[in-house]
Amino acid sequence: MRNMAFSLTTPQMRNRTKTVTRRSVDTWHDLKAGDVLMAVVKSRGLRKGEYVEEIGPIRIVSVRVERLYEITLDDIAREGFPGMGRPEFCRFYMEGTKGATPDMRVRRIEFTPLYD
């Protein structure tokens, strides 16, 4: 099973308030509805003694490409940030994603947690 990391949104994943994520359009090319992945805290750049910490399995519901600035308030809430505005979410995303800009194309990934 492939891992998908949620290091910046681990609390939202653990409390199941996150059901949508955005990733660089250059990644997850072959992801499709029905795929099951393991949500993890971190999977790359682990230091000696660190390990992959699983959050739980997720099933992909849909995948599409859109511009980062096109995010809706509903999707911001589904990202785990109810009450956050579009400019704040774009800043949050850009701070955590090297080279990100508001008009960059991102892969919007909707999923259902399969864990309690």
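The accessible surface of the protein chain comes to about 6800 Å², and 50% of that surface belongs to carbon and sulfur atoms. This value, like those that follow, was computed from a predicted model. Of the 116 residues in the protein chain, buried residues make up 41%. The C-alpha trace spans about 35 × 30 × 30 Å along its principal axes. Among the contacts with a separation of 6 or more, 72% are accounted for by residues 24 or more positions apart.

The protein chain contains three helices and five strands, and these elements follow the pattern β-α-β-β-β-α-α-β when read along the sequence. The radius of gyration of the protein chain is 14 Å, which is close to the 13 Å that the globule rule gives for 116 residues, so the chain is as compact as a globular protein of that length.

The five strands form an open sheet with mixed pairing, in which the order is β1-β3-β4-β5-β2. The edge strands are β1, covering residues 3-5, and β2, covering residues 20-24, and each of them pairs on one side only. From one strand to the next, the twist averages 45°.

Strand β5 itself, which comprises residues 105-113, is mostly covered, since seven of its nine residues are buried.

The loop between α1 (10-14) and β2 includes Thr-19. With a relative accessible area of 18%, Thr-19 is classed as buried because this value falls under the cut-off of 20%. When residues up to four places away in sequence are not counted, Thr-19 touches Arg-78, Ile-109, Glu-110, Phe-111 and Pro-113.

Two residues were noted for their backbone angles. Most residues other than glycine have a negative phi. Arg-16, by contrast, has a phi near 60°, a positive value in a residue other than glycine, and Trp-28 likewise has a positive phi, of about 55°, although it is not a glycine. Both residues are found in loops: Arg-16 lies in the loop between α1 and β2, while Trp-28 lies in the loop between β2 and β3.

Key. Residues numbered from 1 in each chain as written. Predicted model: local features only at pLDDT ≥ 70, side-chain atom pairs only at ≥ 80, totals over all residues. Heavy atoms only, no water. Pairing = 2+ DSSP bridges. Helix = DSSP H or I, 4+ residues; strand = E, 2+ residues; numbered from the N terminus. Axes fitted to C-alpha atoms, helices over the stretch in contact; angles between N-to-C directions. Buried < 20%, exposed > 50% of the residue type's maximum accessible area, 1.4 Å probe, protein only. Contact = heavy atoms within 4.5 Å. Rg over C-alpha atoms; globule rule 2.2 N^0.38 Å. Areas by Shrake-Rupley, 256 points an atom, 1.4 Å probe, with all protein chains shown as cover.
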